[in-house]
Every structure is written in structure tokens, then in C-alpha cells.
Amino acid sequence: MAENTSFPCFVADTSFMVSYLLNGLCSDELKDSIKDVEYVLQNNGQFYVPALFWYEIENVLLVKSRKTRDGQVKLTKTDAMDILYDLQCLPIYTDSLPDGEIRQRIFDLAEEHNLSYYDASYLELAHRYNLPLKTFDEQLKGCK
């Protein structure tokens, strides 16, 4: 399927969306995701994610809401739920569970680029829809 040029779209991995959602907790270089997300929102665009994205995001929020050894938390449970609500309001297309052919392509990409199967699922989705992949994962950034 070819990229739809009438509005901006891209595949967003967890590292990218977490930097947007938790911008106050991330380094300045990761805050650049805000510009990309806002551009998509202002131009009626869409984000594409594989189904596992939701598990990864919720796991990040869960970990960030747990107490550290010194008793501190980076997010309260209420903050985490507010972030999740905000995320669910974004124009996110969640790709359905992959069939056998797609799973094989993910496996092949993971093998070819020495990626985890999880990371390769984002790469495969970007390839299948001919969309850019937004990530802060250095290994995944280097894949085409």
C-alpha cells in the first residue's frame, strides 16, 4: 500500500511516543518528538502502530509509576492513567494481529537487521505501508 500524501502519517514506536508523552521526564533531544506529533495533529494525520505497542506503552507507564529504591515515583497512578487517556485520544491506527505472511516478514527483518522480533514489527509495518518510522532506538534507526 502506498503512502497517502494527503495527510502526514508515520509509524511511531514506543520510544518515540514515550518521549512525546513523558516529555517532561526525557532529555531535550527526545523532546523533538513533540514537533513531529504536533505536525501530524495539526494536519489531520495519523500514527500507525502494531498491536504490541499498547502493551509496551502500558508497561512503561507501569514501571514509571512504581516506587524506586529511595521511595520516589516518577509518575503517580493518576498521572499514568491521564497519559493513557491522552494517548487513546490521538489518531492512532492499530494494525491488526499479523497473519502468517506478515509474521514471516517480521522474522526475516529481525534476522536481517539483528533486531528483536518486537522492533522488527515496527519496521515491517513501516515497509508495508511505505511510511517513515519514528524511533529513538539507535539500532532501529539504522534500518531501511
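Figure 1. Cysteine 9 stands opposite glutamine 46 in E2, where strands (E, at least two residues) and helices (H or I, at least four) are DSSP runs numbered from the N terminus. The structure shown is a predicted model in which local features need pLDDT of at least 70 and side-chain atom pairs count only at pLDDT 80 or more, whereas totals for chains, interfaces and linings use all residues. Residues are numbered from 1 along each chain as its sequence is written, and side-chain values use heavy atoms, with hydrogens and water left out. Strand E1 (residues 9-12) and E2 pair in the parallel sense over 3 bridges, two strands being counted as paired if DSSP finds at least two bridges between them. Valine 11 has tyrosine 48 as its bridge partner in E2 and leucine 133 as its bridge partner in E4. The pairing of E1 with E4 is likewise parallel and runs over 2 bridges. Both faces of E1 are covered, with Cys9 and Val11 buried on one side and Phe10 and Ala12 buried on the other; buried means under 20% relative accessible area, exposed over 50%, and partly exposed in between, for a 1.4 Å probe and protein chains only.

Figure 2. Four strands form an open sheet in the order E3-E2-E1-E4, with parallel pairing. Its edge strands are strand E3 (92-94) and E4, each of which pairs on one side only. Helix H3 (residues 52-64) packs on this sheet and touches E1, E2 and E3, a contact being heavy atoms within 4.5 Å. The direction of H3 makes about 120° with that of E3; axes are lines fitted to C-alpha atoms, for helices over the stretch in contact, and angles run from 0 to 180 degrees between N-to-C directions.

**Figure 3. The stacked pair of phenylalanine 16 and phenylalanine 136.** A search of the whole structure finds 7 aromatic pairs, where rings of Phe, Tyr and Trp (its six-membered ring) pair if their centres lie within 6.5 Å, and planes under 30 degrees apart count as stacked, over 60 as edge-to-face and the rest as tilted. The pair formed by phenylalanine 16 and phenylalanine 136 is stacked, because the ring centres are 5.7 Å apart and the planes stand at 20°. Phenylalanine 16 lies in helix H1 (residues 14-21) and phenylalanine 136 in the loop between strand E4 (133-134) and helix H7 (138-141), so the pair ties together parts that are 120 residues apart in sequence. Phenylalanine 16 counts as buried, at 2% relative accessibility, whereas phenylalanine 136, at 23%, counts as partly exposed.

**Figure 4. The tilted pair of tyrosine 48 and tyrosine 129.** The rings of tyrosine 48 and tyrosine 129 have centres 5.1 Å apart and planes at 50°, so this pair is tilted. It links distant parts of the chain, since tyrosine 48 belongs to strand E2 (residues 46-49) and tyrosine 129 to helix H6 (residues 117-129), 81 residues apart. Tyrosine 48 is buried at 13% relative accessibility, and tyrosine 129 is buried with a relative accessible area of 13%. Leucine 131, placed in the loop between H6 and E4, is buried with a relative accessible area of 9%. The C-alpha atoms of leucine 131 and tyrosine 48 are separated by 8.8 Å, although these residues are 83 apart along the chain.

**Figure 5. An aromatic cluster and a lysine over a ring.** Phe10, Phe16, Phe47 and Phe136 form one aromatic cluster. The charged end of lysine 134 sits over the ring of phenylalanine 10, at 5.5 Å from its centre; a charge is counted as over a ring if NZ of Lys or CZ of Arg is within 6 Å of the ring centre and within 35 degrees of the ring normal.

**Figure 6. Leucine 84 in helix H4.** Leucine 84 is found in helix H4 (residues 77-88) and is buried, with a relative accessible area of 8%. Leaving aside neighbours within four places in sequence, leucine 84 is in contact with Glu58 and Leu61. Leucine 84 and tryptophan 54 are 30 residues apart in sequence, and their C-alpha atoms are 9.5 Å apart in space.
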